[in-house]
Amino acid sequence: MVKLVYHGELRHVVGVAEEDIDADTIKDVFRHISDTYGKEACGMAKSGLVALNEKRVTGVSVRIPAGSVVGFYSFCSGG
Amino acid sequence: MRLPNYAYIDLSTGTVKDYPISKELFTQYMGGKILGAKLLYDLLPAGTDPLAPESIVIINTGPANGTGAPSSSRFNMSFKNVLTGGIASANCGGRFGVMMKKAGYDGIILAGKAPILSAIEIVDGAISIRDASAYAGMDSEETQEQWVRHWGKLVIGPAGENLVRYACAVSGERVAGRCGAGAVLGAKNIKAIAAYGTQKAEVQNREKFDPYVKKWVKFLKSHPMTGKSLPLYGTAGLVSSANASGVLPTRNFQKGRFEHHRHISGETFAEQHLTRNSGCVSCPIRCERRVMVNGKEVKGAEFETVGLFGSNIENHDLAWINEINYHADLLGMDTISLAGTLAFAMELQEKGMADLGVSFGDKDNLLDVIEKIARREGIYGDLANGSKWLAEKYGGTEFAIHAKGLELAAYEPRNSVGMGLGYATSNRGGCHLNGGYLALLESIGVLTLDKHTPKGKPELCVMFQNLMEAVSAAGFCLFTTHTAVPAGLFKLGSMHRMTKFVSKALIGSRFLLRPLWWCLPWLLPVNLMHLIPHSKAYGLMTGQRMTAGKFLQIGERGFNIERMFNLREGLTAVDDALPTRLTDVPQEADVPESVVPLAAMLPRYYKVRGWDKNGVPKPRKLKQLGVR
């Protein structure tokens, strides 16, 4: 099982803060979001920052070890 | 063409006279920090102590200020840096700049020292100096309350009066934070400057300017960064992405990830602490957070303060961070240098090198400690001098996290090496903005340039340093540059092949970027709304023929005059450095490249800048830029 943790606006769109799913790759996670919450939610998830066990991932084919946490965040900037 | 109106105020004699700015000076150096640096270079004798009466402080605006252009209420302070001995500029939002301009002045030059604690009043073209000794010891809020609400105010708190080396100047709830802006006013016995006026900022081509501004505001509001993320989460929205990218400074920059980051994130901020968002005059971005502290609504902490008073001292109490942020503003101290200095002192304590009454994870006494720092009480007087000074006294140079003497902002550069190069070469010291802010391209943004490679970083660093220099000097907030990353890439996301292609192409562009600086301004004889919207607005407001190329060249000129100032004051290539923790010790043991390869980047950086191997601008470069 993999834990998905939604933050910010995406959390409001999907309606849950976190959930456990079966997934082997980041691609599987996006597929789950698209199938469960629709394309808009999936688009939002893809457009933000995705972290696997608190570390940013930049490829959809990245494998997810069992028991991992995948977090979704918005991009921001500072100054 | 309207030329800027400057006043020269001799505080020792109490006299005020006009200080004419020539057309040549205006067109070459624009305003704000660039014109400020040039004036300082010309007026300040080499080797002057920044806190001596002979020192000069310039407070000025850019041409955009007060025109109604987006995010253009900012003003600048230029002076000799109290922490580094080199150039200083401190930029601030809020009302003061707008009101000073409405009162008829684009800038004031302060010289000498008032015989007693004084206040300067600028009202519709008239400048007067009056006794402010009754305000001695007042905090920044109480001091500002001495004038009616709608005036623009710039004041110092007790820290400025006591010459804390990183004291800031406060305007409303905004601060001219860095480099000791409050200390230089305190050294001149100036407690406050208040301005009120009824004049309107002049715009040469109002007919074209207004529709352009409307279009630009629409563009800012439609961009994911300036239209969505910053209004929703403020800059604290960066905490999560900085943590995931390994650039969130933790335990005095020992690490780049904090296990309790969620407690101090922008999302938590928005859900649990935010009362509303707010913004500066004429700003559509509205990044400011409003929070409750002790039953009162005040400005909340920004990313730098959250990172440095949070993860960097191992604290995850966001309500407390907002509280100490408020108190630091009341006392008038820069939260970046203050928190950075405290983190260094905590590590000194941890290593048994000095006990200055502070330790990691123990925040309970810090509200009391910062009061004592502001008043330079006992041992806390040492903490009032900053990290570099402490390291010279107690040791620990290798983990005193500053560049040239100015504490680093809240981006751990070992996972954003271009940011590291920016910190090292920034003219005012460890500043992310004067450093070019490459973290946005390398680690925390939608683009994913290889964060460890030195390739392309010198070229991109120069590009963004020059751009930010020009944008700031023109009078715009630097957040307006964040739209340079196309909105379409945010829609596609960082994993999309197009986004990855753009990231690689930017690194590849290094072969084009070096010759660019020798071919300006004719190589970019156009204005680019989606990349540099500022240049066209600048042209319309001043009546000058302005292009993106000319605009960038003014930025380059500004960076070079600042460099010349630093060289004259004794800062050299040796000072383009970072503590060895960041250059020699990998942040992640299993990622040996997680260090800042400064030695590999600096020679290329100097070459791209047209400087010699010692970091000195070559005569040919100075001639090209017209720097004399």
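In which sense do strand 3 (residues 49–52) of chain A and strand 5 (residues 69–73) of chain A pair, and over how many bridges? The legends below take up this pairing and its surroundings in a predicted model, and then turn to a helix contact in chain B.

**View 1. The pairing of strand 3 and strand 5 of chain A.** Strand 3 and strand 5 of chain A pair in the antiparallel sense, and four bridges join them. Within this pairing, Leu49(A) has Tyr73(A) of strand 5 as its bridge partner.

**View 2. The open sheet of chain A.** Five strands of chain A make up an open sheet with mixed pairing, in which the strand order reads 2-1-5-3-4. Strand 2 (18–21) and strand 4 (55–56) of chain A are the edge strands, each of them pairing on one side only. Helix 2 (residues 26–37) of chain A packs on this sheet, where it touches strand 1 (2–6), strand 2, strand 3 and strand 5, and the direction of the helix makes about 60° with that of strand 1.

**View 3. The crossing of helix 13 and helix 14 of chain B.** The axes of helix 13 (residues 335–350) and helix 14 (residues 366–374) of chain B come within 12 Å and cross at roughly 110°, and the two helices are therefore roughly perpendicular to each other. Their crossing is right-handed.

**View 4. The residues at the contact of helix 13 with helix 14 of chain B.** From helix 13, Leu338(B), Leu342(B) and Met346(B) meet Leu366(B), Val369(B), Ile370(B) and Ile373(B) of helix 14. The residues of this contact divide into seven nonpolar, no polar and no charged.

How values were computed. Residues numbered from 1 in each chain as written. Chains lettered and ligands numbered in written order. Predicted model: local features only at pLDDT ≥ 70, side-chain atom pairs only at ≥ 80, totals over all residues. Heavy atoms only, no water. Axes fitted to C-alpha atoms, helices over the stretch in contact; angles between N-to-C directions. Parallel < 35°, antiparallel > 145°, perpendicular 65-115°, else oblique. Left-handed = near helix turned anticlockwise from the far one by under 90°. Contact = heavy atoms within 4.5 Å. Nonpolar A, V, L, I, M, F, W, Y, C, P; charged D, E, K, R; others polar. Pairing = 2+ DSSP bridges.
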